[in-house]
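Please keep the sequence and the model in view while reading the points below.

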Amino acid sequence: MSEKAIDTQETFSFKCPACKDGTIKIDKVTYDLPDRDKVLILKFECDKCNFHTNDVIPLTTRMDSGIMTLKITSENDLKSKIYRSPMGKLEIPELELIVEPGPSAKFYYTNVEGILVRFERAVSIYKNSLDENDPQIQEISDLLKDLECAINGKFKFTLKITDPEGGSYIIPENKANYSFERSKNNDNQKQD
Ligand SMILES: [Zn+2]
């Protein structure tokens, strides 16, 4: 494997748009992804208030379609970065989580923990909408317990992104836990 993360970290700054007082620090990190691709990640962070945001700019476009699989076995794996294109389907089978692609789906960039937190919020809202005698309550409560363990790094699971177009990325914390299976019908497509 020739992949490596190069930390070409540069810092510069401007005024915070939220509090108008603090200074926004910008960190630029270029990642060399498996399969020769590069993405640029911009992190914006205010030193006075909680304002922060991320942006991901793919520097090269991989058109290989396939299935990306990341095994989460420790708290550290939760920091792995996930970049899902609108065509990517994201799944965590152990938690029955599926994020279907669709025309309204957006590109999003987060880490594994961010996905779990978002999912936990949605499940909690759903649980609160149920009648207290609803037979689903027990099942939903169990799922929330598993989710809490997962967020604390105490539940092993698999995160899978199936992307028929290419363009989704996983940047693993532990590369040994990551694998990419190229689609079989991909051989006819152009190689760069
Ligand atoms: Zn601020």
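Leu 97 counts as buried because it has 20 C-beta neighbours inside 10 Å; a residue is buried if 20 or more other C-beta atoms lie within 10 Å of its own, exposed if 12 or fewer, and partly exposed in between, with C-beta atoms placed from the backbone. The model is predicted: local features need pLDDT of at least 70 and side-chain atom pairs count only at pLDDT 80 or more, while totals for chains, interfaces and linings use all residues. Residues are numbered from 1 along each chain as its sequence is written.

**Surroundings of Leu 97**

- Leu 97 lies in strand E8 (residues 97-99); strands (E, at least two residues) and helices (H or I, at least four) are DSSP runs, numbered from the N terminus.
- Apart from neighbours within four places in sequence, Leu 97 is in contact with Glu 91, Ile 92 and Phe 119, where contact requires C-beta atoms, placed from the backbone, to lie within 7 Å.
- Leu 97 and Leu 116 are 19 residues apart along the chain, and their C-alpha atoms are separated by 9.3 Å.

**The chain as a whole**

- The chain holds 2 helices and 12 strands, which follow one another from the N terminus as β-β-β-β-β-β-β-β-β-α-α-β-β-β.
- Of the 192 residues in the chain, 19% are buried.
- Among contacts with a separation of 6 or more, 63% join residues 24 or more positions apart.

**The open sheet**

- An open sheet is formed by 5 strands in the order E8-E7-E10-E5-E12, with antiparallel pairing; two strands pair if DSSP finds at least two bridges between them.
- E8 and strand E12 (178-182) stand at the edges with a single partner strand each, so one side of each has no neighbour in the sheet.
- From one strand to the next, the twist averages 15°, taken between N-to-C directions of lines fitted to C-alpha atoms, with angles from 0 to 180 degrees.
- E7 and E10 are joined by 3 bridges, and Leu 90 has Ile 161 in E10 as its bridge partner.
- E5 and E10 run antiparallel and are joined by 7 bridges; Ile 72 has Phe 157 in E10 as its bridge partner.
- E5 and E12 pair over 5 bridges, and the bridge partner of Met 68 in E12 is Phe 180.

**Helix H1**

- The 18 residues of helix H1 (residues 112-129) should span 26 Å at 1.5 Å a residue, and the end C-alpha atoms are 26 Å apart, which agrees; the expected span is 1.5 Å times one less than the number of residues.
- Val 112, Ile 115, Leu 116 and Phe 119 are the buried residues of H1.
- These residues cover an arc of only 95° around the axis, which puts them on the same side of H1; the arc is that of the directions from the helix axis to the C-beta atoms.
- Arg 121, Ile 125, Asn 128 and Ser 129 are exposed on the other side of H1.

**The largest nonpolar core**

- This core has 22 residues, of which Leu 95, Val 112, Leu 116, Phe 157, Leu 159 and Ile 170 touch the most other members; a nonpolar core is a set of buried Ala, Val, Leu, Ile, Met, Phe, Trp, Tyr and Cys residues joined through C-beta atoms within 7 Å.
- H1 gives the largest share of this core, 4 residues.

How values were computed: Two residues are in contact if their C-beta atoms, placed from the backbone, lie within 7 Å.
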